[in-house]
Each structure stands twice: as C-alpha cells, then as structure tokens.
Amino acid sequence: MKNYEEKNIRNVAIVGHASKGKTTLAEALLNVAGATERIGKISEGNTVTDYDSEEKKRKVSISCALAQAEYKDKKINLLDTPGLFDFAEGQAEGLRAAETALIVVSARSGLAVGAEKAFKNAGSRRMARIIVANKMDDERADFYKTFNGIVAKFGTIICPVVVPVITNGKVVSYYNMIDDKAYSYNGTKATVVEAAPDDEARFDAIKAVFSEAVAGTDEEIMEKYFGGEELSKEDKLRGLQIGVADGSIIPVFALSGIDGTACDLLLDFIADACPAPKSEYAICNDEPVELFPNENDPLAAICFKTVADPFIGKLSFFKVVSGKLTSNMTVKNGNTGNDEKVGKVVSMFGSKQIECNEIVAGDIGAVVKLSGFNTGDTLCAVNQVVKLDGVSTPNPTYSMAVNAQSKGDEEKIASGLSRLTEEDPSLEFYTNNETHEQILKGLGEQQLDVAVAKLKSKFQVDVTLSVPKVAYRETITIKVSAQGRHKKQSGGHGQFGDVFIEFEPCDCEKLEFTERIVGGAVPKNFFPAVEKGLNECMEKGVLAGYPMVGVKATLYDGSYHPVDSSEMSFKMAASIAYKEGISKAKPVILEPVSSLKVVCNDDAMGDVIGDINKRRGRVLGMSPSGDGMQEIIAEVPEAELNTFSTAIRQFTQGRGSFESTFARYESCPEYISQKIIAEN
C-alpha cells in the first residue's frame, strides 16, 4: 500500500457495547472498500480483526485490532475494539489512535450502556463521533425508536444522515440525506430507487432535522436555507465537515453490517466528511509544544498497543503524530530517555504483517521487536525529546491469587504474567509480601480468565485462581506482666535465663522495646537477645498466627546465672514470657479497612449503599458528580471487597466505577474473629 498524505488518512475506532456488531461492521466496511473478497463471520472464526485464538474460541473481541483499506483515494485505518467492560483497555487503545469514533448501537435493542460510555470517552478526547444503528436486517429492528432514544439521551446534536425507507412495514431502501437519493441493496450492491415511505410526515420531519442541523454550522449555509434555497450536496458536506469536527453534529447512519447493506454510504461519509489527523500537544523540556502531522518534522509517535508473543517477539503499535518512522533509524523513548534502534516496520491487516519502508505522520503501523517501549510510551527523535499523552488505562479493581498447578512453576508464572501485563496494562501482577501469594489484578473475571488461558497457550504454564488471603494482624488490648524462665541442665554448661516483661498496647507498627532494669538483675549485654526473641515471636500471633503489631514490651526485672546464662537462654526466656503475656492481654484480630470512592448513577445509589452496608461498610458521604451520577465515600473491610466490582457492575448496568485504597487496621467483630481462628 502506498503512502498517503495526512489529509487523506482517516483513523476510525469502532466502539460500543458488546455484541452489537462492531466486528461484523468492520468486516463489511473492509469488504465494501475492496480490502477483502468476502465478509467474514464471527461464528466461523474467519474475521480479519478477531484473529486471536481466545477471540475465536469465545466468539468475542478481547483486544484492539487494526486493519486498513483504500477507498476514494483515502486510506482508512479501522480499529476494532472490544465492547465487554472487562476489556476496556482495548477501547482506550483504539480511541487514543483515532480521530473519529464510530459508535455502534443495535437498531433492535437501542442505546446500551457501552455505547453511552464510548460516546462520553470519545467526547472527552474531543473526537468526531458517528452513531451507527446496526442490525437493520433484523425483522425486529426499529430505527425510529432507537433514534428517538439516542436523541433523548444526547439531545439535538444528533443528526440523521442515512435513514431506512419503510414501505408496508418493511425496510425497502436507505435514504441518504446528503445526495437526496434512496438506495436499495442486493448484498452490498446499491441501486438508486424512488423513496416511497409509509409515513411521509415523519420522513419529511427527519429531513428537516437534518437540514437545520447542517445549516446551523455555517452562516452562509444558514442564509441559503432560511432564504428558501435548496442546499447543494457540497453545502451539506461542508456543513457536516464543520459540525462533525467541532462536535456540534453527531451523524446517525442506519445500516446492516452482517450483509453490508448501506455500508458504502458510511464509507463515503468517512472519506468525505470525517477529520484527517490533526495536531497534538506534547511536553518538551517541561513546556507544551504543538506537533503538526508533517512528515518533514522531527519524529513523535505514541505506542498505543503492545503484543507480547514468545514466538514472534514484541510487536508495538504506533500512531505517528509528526515526522515519519522508518526502519533502522535510532529513536528515543520520551518517557525513559533510552535510545533504541528501530527494526522492521510493518502495517497491520488483522494478524497479517505487511512490511513497509516507513509510517508517515498521521498514519498507524507497528514495529517488530522494539523491546524498550511499552503501551503509552512516546517514540521520538533523538534531537527533540517529547512526551505525548499516553493511553487512558482503566484502574484494575478485581484481584485473585494465582496458584501453580506444578511445584516450581512460580518463576515461569511471574515471567509469563509480566509479559501479559506489558500486553494489557490494565492487568497488574505482584507478590503480596505479607500473605506470600502471587496476585493477579484486573477489571473482571473474564479478563483474568483470558489471562490464565493465554498463560497456558503462550507460556505453557497451568494455574488456577482463588480468592486472595487477607493480610490480617493481631494486637493486644490491655496491659499485663509475665515471667519467662528458661532453665535447662545437661552435661557441662546448662542454660538459664529469667525475665519479667510488661506488655501493653501502643501505636507502633511492630514492637517497641524498652527496659527499666535496676541493679543489674539482667546484664545489659542480654538486652538485645531479649528484644530479638520478642521480635521473632511477633511474626506469629497467638490467636490465628498472623503478625503482631502495636505492642510495647518493657523488660523490668529478671535474674541470671554467671555461668549458665547466655544470649540463647534469654532469647528463649523472652519467648516464654511473650506466649504467656500476650495470651493474657486480651489479644484481638485486626483487619485491613479500605477507603472507597464509588461513582454510580442516581437510580442505582440505593442498591449500592445497601450493598456497602451488607459488607460491613460505613457510608461517610455522598455528593453529585454531574451527568446524573453520584459519588459515594465509604469505608469497607478489605475482606468484603473481593466481589464488589461484580456487584457494582450489576447494580449500575456497567455505568459505575470505584477506587479503593488502604486506610488503616481495625479490630474484627467477634463473630468474624472466631471464623478466622477456626480457619487457621
């Protein structure tokens, strides 16, 4: 494929709710543009963009995929993104690389939560947005009901561009407002026909909505329209170009991705009216600089996706913001400052790598085996170091412990999961030093399930997941004194140590050790042995074996033997005093408590608060956060949060989100403590 100037490049992310036909639409657009010979089917596992083995097995997109087509002397880069909330990272990657968001809704089921979130995310990036009412082939599809729902949600910026012509209750053709023509379809082949709708009044009203929206973008077009002149196709396109670019118009297209019906009209619009790559701001020497999509400027590119494969190596997907990326050039990582040499440069068509000499400003491609760059990093010229905005990676909230099926696989697990976290930054892998468990954290159950499957298929490591252990602790609640006396006689020297220790609660993380020995009852050289013995005992509490915290120990008396006393003797004596004293000091189990910030829709607030209360949580405050959402501040025991991400998704239909951070340790209720002691 030849190089295109930035003005002739269109980068389009296909986004929306799961199972609304995004991948099928991508297949139809590629086929209509002539990039493929036939429209692939998800059920047959032969689509261009769902090429991963897990995607074929599950019949759902789990990552962002790139394919390109040439159409009307334009290069169109299509970024097919997942709709499942567990794979929100894929949508974030696609939106970072595109200027236009194609938001897919079903004409049968209407606007879904995933489409609402995609609309909002694209708007926050100031992207051009197009809404596609897909699945018009379904006999239960109702375009006008879907359209009215979209208008009710997003307001008068919604503008119909291609609408179905319904005669005798059936869709017989599609009317394109831009050229005022109706088209009937035999597969993807269009024929111009007369439009004869059942409801002419509604049809005329829709045309008036379109004309007013277009006229409102430009004074000259507005004068024509209100002067009674007929708007030309050029006028309409110019108005749409202005409105789509500044967000004052959100076009709506009716079509069917499964058979390609009316997809040519959408492709025409993408080529004629959607924005080309534009300038971006970056940070250079702590100052903002504007980078223009000019191939003669210094290189600046953003790595928006990484594929880590043990066989083909690392594959880094880049969007070139300015300059051009060529093979064998030396580049700098704007985030780390490290230099690296570029290897093979390729353009991507699904899983197929097409070697090319360069990727120019505004275009998207990939680089093979560029090991030092990760998702969100900036690749730039050595003589102009810049840092671009990265990918808006969602915050992982769902944790599970990773258990090796075979002994000795822990290192393999760590290596494999570290590679997978490079590929998907919304995954987090670490070892909990308190519970000694390997923890995998992500956005939901399905994402972790896919990670486990990839670990097995790519790295030949079999693991299971379980609920992570909670890092409980123990402490004491009253002041007590205890004696520890260690006496052992055998042949030769014996062992003798005798200590009196006062134990009391205090605000300290570990052990606070002091002494008030009078008259040399215990020699000073044995003090460190007593402290060491106590510190070793603090690692395991007397109730359930969890680490002890918040204990002050004061050595106030004791005795020794001039021959038989030794450091080991006093260490053992301290241990005896600890066991006796801590048991009498009314020990309790402490549990970690997390600060919780939940954002949910107004309708779900009662359910969310009720769920927090069921989890032994305390709601501390509520406040509106705009757009019909509420922010709830609460504190909840960490042990109760494992399934909270699933519950929030259910209560809010996916609209809600939350963040949790460790706050402090608190005493467990008695019934919880008894359960913990019984389990341990």
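**Chatting through a predicted model**

Q: At 45% relative accessibility, what does Ala-196 count as?
A: In this predicted model, Ala-196 counts as partly exposed because its relative accessibility is 45%, a value that falls between the 20% and 50% cut-offs.

Q: And where does Ala-196 lie?
A: Ala-196 is in the loop that runs between strand E9 (189–193) and helix H6 (200–215). Setting aside residues up to four places away in sequence, Ala-196 touches Val-165, Ile-166 and Thr-167.

Q: How far apart are Ala-196 and Gly-334 in space?
A: From C-alpha to C-alpha, Ala-196 and Gly-334 are 59 Å apart, and in sequence they are separated by 138 residues.

Q: OK, stepping back, how many helices and strands does the protein chain have?
A: The protein chain has 16 helices and 36 strands, and its C-alpha atoms fill a box of roughly 110 × 60 × 50 Å along the principal axes. Of the 680 residues in the chain, 54% are buried.

Q: Which residues touch the most other members in the largest nonpolar core?
A: That core has 97 residues, and those touching the most other members are Leu-25, Leu-79, Leu-102, Ile-131, Phe-143, Leu-266 and Phe-269. Helix H9 (residues 263–273) supplies the largest share of this core, with 8 residues. As a general point, nonpolar side chains in soluble globular proteins tend to be buried together.

Q: What does Phe-269 touch, not counting residues up to four places away in sequence?
A: Phe-269 touches Ile-130, Ile-178, Leu-240, Val-244, Pro-251, Phe-253 and Cys-274. There is also a second, separate core of 29 residues, which includes Leu-555, Ala-574, Ala-577 and Ala-585.

Q: Back to H9 for a second, which residue is found in the loop between H9 and strand E11 (280–284)?
A: Ser-279 is found in that loop, and with a relative accessible area of 26% it counts as partly exposed. Beyond its neighbours within four places in sequence, Ser-279 is in contact with Glu-290, Leu-291, Phe-292 and Pro-293. With Glu-290, the side chain of Ser-279 makes a polar contact of 2.7 Å.

Q: How far apart are Ser-279 and Ser-322 in space?
A: Their C-alpha atoms are 8.3 Å apart, although Ser-279 and Ser-322 are 43 residues apart in sequence.

Q: New topic: is Gln-630 buried or exposed?
A: Gln-630 counts as buried because its relative accessibility is 15%, which is under the 20% cut-off. Gln-630 is placed in strand E35 (residues 629–637).

Q: With which side chain does Gln-630 make a polar contact?
A: The side chain of Gln-630 pairs with the side chain of Asp-602 at 3.2 Å. If residues up to four places away in sequence are left out, those touched by Gln-630 are Val-598, Val-599, Cys-600, Asp-602, Met-605, Ser-623, Pro-624 and Ser-625.

Q: How many residues of helix H3 (residues 88–97) are buried?
A: Of its 10 residues, 9 are buried, so H3 is mostly covered. The buried residues are Glu-89, Gly-90, Gln-91, Ala-92, Glu-93, Gly-94, Leu-95, Arg-96 and Ala-97.

Q: And at what angle do helix H10 and helix H11 cross?
A: The axes of H10 (residues 410–423) and H11 (residues 445–459) cross at roughly 115° and come within 10 Å, and the crossing is right-handed. On the H10 side the contact is made by Ile-413, Gly-416, Leu-417, Arg-419, Leu-420 and Glu-423, and on the H11 side by Ala-451, Lys-454, Leu-455, Lys-458 and Phe-459. The residues of this contact divide into 6 nonpolar, 1 polar and 4 charged.

Q: Last one, which residue other than glycine has a positive phi near 55°?
A: Gln-460 has that positive phi, and Gln-460 lies in the loop between H11 and strand E27 (463–466). At 54% relative accessibility, Gln-460 counts as exposed. Lys-135, also not a glycine, has a positive phi of about 65°. Lys-135 is placed in the loop between strand E5 (128–134) and helix H5 (143–154), and its relative accessible area of 29% makes Lys-135 partly exposed.

Methods. Residues numbered from 1 in each chain as written. Predicted model: local features only at pLDDT ≥ 70, side-chain atom pairs only at ≥ 80, totals over all residues. Heavy atoms only, no water. Core = buried A, V, L, I, M, F, W, Y, C linked by side-chain atoms within 4.5 Å. Buried < 20%, exposed > 50% of the residue type's maximum accessible area, 1.4 Å probe, protein only. Helix = DSSP H or I, 4+ residues; strand = E, 2+ residues; numbered from the N terminus. Contact = heavy atoms within 4.5 Å. Polar contact = N/O pair within 3.5 Å; in protein donor to acceptor, adjacent residues only side chain to side chain. Axes fitted to C-alpha atoms, helices over the stretch in contact; angles between N-to-C directions. Left-handed = near helix turned anticlockwise from the far one by under 90°. Nonpolar A, V, L, I, M, F, W, Y, C, P; charged D, E, K, R; others polar.
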